[in-house]
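User: I'm new to reading protein models and I'd like to go through one with you. Can I keep asking how you know each thing?

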Amino acid sequence: MGKNFIVYGTKMAGNALLHVVLGLSYLVPRNREKWLVGNAKGFNNNTKYFFIHTKEVLHKEQCYWISKNRKSRESVRRLGYKAYHPWSLKGMWHELTAGVYIYDMRLSAFNFWLSGRTRRVNLWHGVGIKNIEFKRVINVDKPDTLANYLRHPVSYAKPHLFLSTSPLMTSHFAACFRIPESRCIESEYPRCAIFKKSREELRTFIRTYESPETSVLADRMEAASRVYIYMPTFREKNKNFLESVGFDLSALEAVLARRNELFIFKLHPFTPVKADTGRYRHILFMDNKMDIYPLLPFTDVLITDYSSIYYDYLLIPGKEILLFPFDYREYIEKDRDLAFPFDEYTPGERVNTFSELLQAIDEGRHFANERIEWVKDQFWKSPHPVDLYEAISSRL
């Protein structure tokens with residue numbers, strides 16, 4: 001008990017000292033023309049595409065990449081731009097003097113304790129129907145208490161601007177993050193702008209910004225007569241859902257081989273796979289660190305459930321979606337509560353068992369969705385869209 005008391009006391013003292021550092025950071029002059037773009041996990045998501053556009057289209061000199069992820073910093077440096085660890089000396093200098101922090105989840109991408117008086121822009125990482133952040137009821141990360149605020153203030157730091165995409169999402173995000181709707185700007189997701197590129201432009205983008213493995217995968221996708229990509233949402237309570245739903249990879253391989261089709265699994269890093277994935281020619285388990293967005297236009301059918309990828313995929317012309325919500329009741333009761341009715345806001349053909357999924361692939365079925373335009377309007381159409389980059393410059 002004495003040892004635990006000492007450890008707890010040490011943590012509390014360290015936390016108090018960090019709060020002092022945060023207070024002192026408010027005294028440092030800020031350069032509003034200096035932007036830091038951060039992503040804790042890698043060079044991906046909205047922050048990646050925002051950074052590329054800012055550097056290569058807008059040619060903004062004072063824009064730097066901040067990440068704890070070494071590979072992401074190396075990727076940015078290979079492009080000829082500057083990238084820093086948030087706790088390195090140069091990283092901390094920029095964090096102390098930059099006027100704007102831009103991120104796509106929480107401020108934990110940066111050294112939060114140096115963020116006094118910064119303007120914060122949250123690009124987030126997906127529209128959709130789930131309740132998130134402070135609106136969540138099921139599986140809340142931390143109770144909403146004063147003690148947790150003092151221990152984890154980064155979770156409570158509110159953005160000055162939040163990227164939304166439509167009035168429906170503005171209302172949703174404002175409630176989830178406890179911010180006024182006036183802080184939301186409705187614009188295009190930077191990562192979805194790539195869907196407007198031609199096939200040749202996509203190839204150029206992949207050669208410039210992605211790994212050689214991505215180019216190889218694009219070749220393999222183009223060689224297949226049809227490409228399915230399975231992107232299920234992460235289950236916190238049933239991480240081993242692939243086994244529980246009864247995926248028979250040998251049976252799937254036989255069907256795909258007969259039709260010269262490719263089935264790609266793009267899973268969450270914490271989803272276990274108990275199979276010899278290298279033995280199949282027509283089934284591929286994609287590296288979960290690989291950026292899927294430049295490759296999505298090379299696919300034909302998205303198979304998903306409650307994931308926000310459903311709504312992004314709607315923006316790619318000529319694609320099909322098959323829903324596989326095999327655990328709907330369990331998911332909404334034990335994993336995530338939903339802000340909008342699933343059937344109404346996620347329309348499309350459904351299968352509920354692996355056998356039904358296999359039959360749909362074997363029959364070469366096409367999946368029509370007559371309500372796609374209505375759904376796109378709900379999640380992506382704004383009566384007053386703005387240019388994201390101009391909005392950040394003018395409003396901050």
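Predicted model: local features only at pLDDT ≥ 70, side-chain atom pairs only at ≥ 80, totals over all residues.

User: What makes Phe 342 count as buried or exposed?

Analyst: The cut-off for buried is under 20% relative accessible area. Phe 342 has 3% relative accessibility, so Phe 342 counts as buried.

User: Which residues is Phe 342 in contact with, leaving aside its neighbours within four places in sequence?

Analyst: Contact here takes heavy atoms within 4.5 Å. By that rule Phe 342 touches Ile 129, Asp 305, Tyr 306, Pro 325, Tyr 328 and Arg 350, once neighbours within four places in sequence are set aside. As for Phe 285, its C-alpha is 28 Å from that of Phe 342, and the two are 57 residues apart in sequence.

User: What about the nonpolar cores?

Analyst: The largest one has 79 residues, and the members touching the most others are Leu 295, Leu 296, Tyr 311 and Phe 379. Helix H6 gives the most to this core, with six residues. Another core, of 27 residues, lies apart from it, and Phe 263, Phe 285, Ala 360 and Ile 361 are among its members.

User: Which residues is Tyr 311 in contact with, beyond its neighbours within four places in sequence?

Analyst: The list is Val 127, Gly 128, Ile 129, Tyr 345, Thr 346, Val 375, Phe 379 and Trp 380.

User: How do you know what span helix H2 (residues 45–56) should have?

Analyst: You take 1.5 Å times one less than the number of residues. H2 has 12 residues and should therefore span 16 Å; its end C-alpha atoms are 17 Å apart, which agrees.

User: Why is H2 called largely enclosed by the rest of the structure?

Analyst: Because 10 of its 12 residues are buried. Among them are Tyr 49, Phe 50, Phe 51 and Ile 52, and even Lys 48 and Lys 55 are on the list. The cover over the buried residues of H2 includes strands E1 (31–38), E2 (63–66) and E4 (98–103), plus helices H3 (70–78), H7 (199–209) and H16 (388–395).

User: What order do the strands take in the open sheet?

Analyst: There are seven of them, in the order E3-E2-E1-E4-E5-E6-E7, and the pairing is parallel. Strand E3 (83–84) and E7 each have a single partner strand, so they stand at the edges, with one side of each left without a neighbour in the sheet.

User: How do you know that E6 pairs with E5 and with E7?

Analyst: Pairing needs at least two bridges between the strands. Strand E5 (residues 119–122) and E6 have two bridges, and Asn 122 is partnered with Phe 162 there. E6 and strand E7 (residues 184–186) have three, with Leu 163 partnered with Ile 185. So both pairs pass the cut-off of at least two. E6, helix H6 (residues 167–177) and E7 also make a right-handed β-α-β unit.

User: Which way do the residues of E6 point?

Analyst: Leu 161 and Leu 163 point one way from strand E6 (residues 161–164), Phe 162 and Ser 164 point the other way, and all are buried. In a regular strand, side chains alternate between the two faces of the sheet.

User: Why is the pair of Glu 222 and Arg 203 called a salt bridge?

Analyst: The rule asks for a side-chain nitrogen of Lys or Arg within 4 Å of a carboxyl oxygen of Asp or Glu. For Glu 222 and Arg 203 the closest N and O atoms are 2.7 Å apart, so the pair qualifies. Glu 222 is in helix H8 (residues 212–223) and Arg 203 in helix H7, 19 residues apart. Arg 203 is buried at 16% relative accessible area, while Glu 222 is partly exposed at 39%.

User: What makes Asp 362 and Arg 258 a tie between parts of the chain?

Analyst: Their side chains meet in a salt bridge, at 2.4 Å from N to O. Asp 362 is in helix H14 (residues 354–362) and Arg 258 in helix H10 (residues 249–259), so this pair ties together parts 104 residues apart in sequence. The cut-off for exposed is over 50%; Arg 258, at 56%, is therefore exposed, and Asp 362, at 34%, is partly exposed.

Methods. Residues numbered from 1 in each chain as written. Heavy atoms only, no water. Buried < 20%, exposed > 50% of the residue type's maximum accessible area, 1.4 Å probe, protein only. Helix = DSSP H or I, 4+ residues; strand = E, 2+ residues; numbered from the N terminus. Right-handed = clockwise from strand over helix to strand, strands pointing away. Core = buried A, V, L, I, M, F, W, Y, C linked by side-chain atoms within 4.5 Å.
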